[in-house]
Amino acid sequence: MPFLIDTHAHLDAEVYAGELQDVVKRALQDDIWIVTVGSDLASSRRAVEIAEMFPEGVFAAVGLHPLKVPADVSAQDKVLDLEGFRQLAQHPKVVALGETGLDFHDLALDAPGDPARPLAEKIKKNQINALGAFLQLSKEFRLPLLLHCREAHAEMLDLLETWDKTSAGFDARGIVHCFSGDWKDARRYFNLDFMISVTGLFANAGYQADLIRKVPLQRLAVESDCPYLTPDAWSSRRSEPSFIGRLAETLAGIHGESKAAVAAQTTENALKIFGRMKRLV
Ligand SMILES: [Zn+2]
Ligand SMILES: [Zn+2]
């Protein structure tokens, strides 16, 4: 069993070009396994290629990030190439679908007369449709979901609760990554058998300490979301999977547990979610 599992990394990011081997080696040396996550079809293919490069400890998730879902419906079919994703989903190193989800951060337009409103509504609808397609794929392949959700927890939870009623028997639902909701949202995700994951940036900065303290360790996963989120708010250094050891320390401090206990529990959680990975442990 690995020490920690970074459940959300973007190893296909250009910033790693030329040093990917070293970045992965540093994580594997610390016994940290990695799920590298795609954000569209091309980067999902790349994620699978990267997972194939390493005989052990690197896995892929394939999906379409909500911010990559276009407003143009006719273009959407091409971007949302379900056949392409369906092929990738069958690869033995693909352990989840994602990232997929909803991101309404730039779409919050309160004024009813705002000229940008119809376009924003259209984009939201397209994101919801794309997410729905991935929920279907998740059911079809019995693969868990890595969800991205920003300023859309109410819509996301409504959709998942509706889905839950029509897909009985699938219990490894997935992880809401870089969790940004409140305790009420978290509880609704837990009722749906989802876990949440937090990054070093937010946890180490203490933003979510009160929330994290309430979350049972059995519901928590760890992630770097590298290269995007560094462990320190003001660090100019790009992040990488080997940094999540510090996150485990922070979580241990918040929960009054040892780092080893947090690592063992979050790893067990991740293996429960990623069934295809578990077979290789
Ligand atoms: Zn994300
Ligand atoms: Zn991400």
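**Entry 1**

In which strand does Glu 99 lie? I looked this up first, and the answer is strand S4, which covers residues 94–103. I note for myself that I am working with a predicted model.

I came to Glu 99 through its peptide bond with Gly 98, which is cis, with omega at about 10 degrees.

From S4 I moved out to the whole sheet. Eight strands make up an open sheet, and their order is S1-S2-S3-S4-S5-S6-S7-S8. The pairing is parallel. At the edges I found strand S1 (4–9) and S8, each of which pairs on one side only. From one strand to the next, the twist averages 30 degrees.

I then picked one pair of strands to follow by eye. Strand S5 (residues 145–150) and strand S6 (residues 174–177) run parallel and are joined by four bridges. If you want a spot to start from, Leu 147 stands opposite Val 176 in S6.

Where is Pro 227 found? I located Pro 227 in the loop that runs between strand S8 (220–223) and helix H10 (244–255).

Asp 225 is not a glycine, yet its phi is positive, at about 50 degrees. Is Asp 225 buried or exposed? I counted Asp 225 as buried, because 25 other C-beta atoms lie within 10 Å and the cut-off for buried is 20 or more.

I found Asp 193 in the loop between helix H7 (183–191) and strand S7 (194–199). For Asp 193 the count is 16 other C-beta atoms within 10 Å, so I wrote it down as partly exposed. As a reminder to myself, most residues other than glycine have a negative phi.

**Entry 1: two helix pairs**

I looked at helix H4 (residues 82–89) against helix H5 (residues 117–141). Their axes are 11 Å apart and the packing angle is about 30 degrees. H4 passes H5 in a right-handed crossing. On the H4 side I listed Leu 82, Phe 85, Arg 86 and Ala 89, which meet Ala 133, Leu 137 and Phe 141 in H5. This contact of H4 with H5 has six nonpolar residues, no polar ones and one charged.

Next came H10 with helix H11 (residues 259–273). At what angle do H10 and H11 pack? I read about 110 degrees, with the axes 8 Å apart. H10 and H11 are therefore roughly perpendicular to each other. Ala 248, Glu 249, Leu 251, Ala 252 and His 255 in H10 meet Lys 259, Val 262 and Ala 263 in H11. By class, I noted five nonpolar, one polar and two charged residues in the contact of H10 with H11.

**Entry 2: Phe 134**

I finished with Phe 134, which is in helix H5. Phe 134 is buried, with 25 other C-beta atoms within 10 Å. Which residues is Phe 134 in contact with, leaving aside its neighbours within four places in sequence? I found Gly 63, Leu 97, Thr 100 and Leu 145. I also checked Gly 101, which is 33 residues away from Phe 134 along the chain. The C-alpha atoms of Phe 134 and Gly 101 are separated by 8.9 Å.

Key: Residues are numbered from 1 along each chain as its sequence is written. Chains are lettered from A and ligands numbered from 1 in the order in which they are written. This is a predicted model: local features need pLDDT of at least 70, side-chain atom pairs count only at pLDDT 80 or more; totals for chains, interfaces and linings use all residues. A residue is buried if 20 or more other C-beta atoms lie within 10 Å of its own, exposed if 12 or fewer, and partly exposed in between; C-beta atoms are placed from the backbone. Two strands pair if DSSP finds at least two bridges between them. Axes are lines fitted to C-alpha atoms, for helices over the stretch in contact, and angles run from 0 to 180 degrees between N-to-C directions. A crossing is left-handed if the near helix is turned anticlockwise from the far one by less than a right angle, and right-handed if clockwise. Two residues are in contact if their C-beta atoms, placed from the backbone, lie within 7 Å. Ala, Val, Leu, Ile, Met, Phe, Trp, Tyr, Cys and Pro count as nonpolar, Asp, Glu, Lys and Arg as charged, and the others, Gly among them, as polar. Angles under 35 degrees count as roughly parallel, over 145 as roughly antiparallel, 65 to 115 as roughly perpendicular and the rest as oblique.
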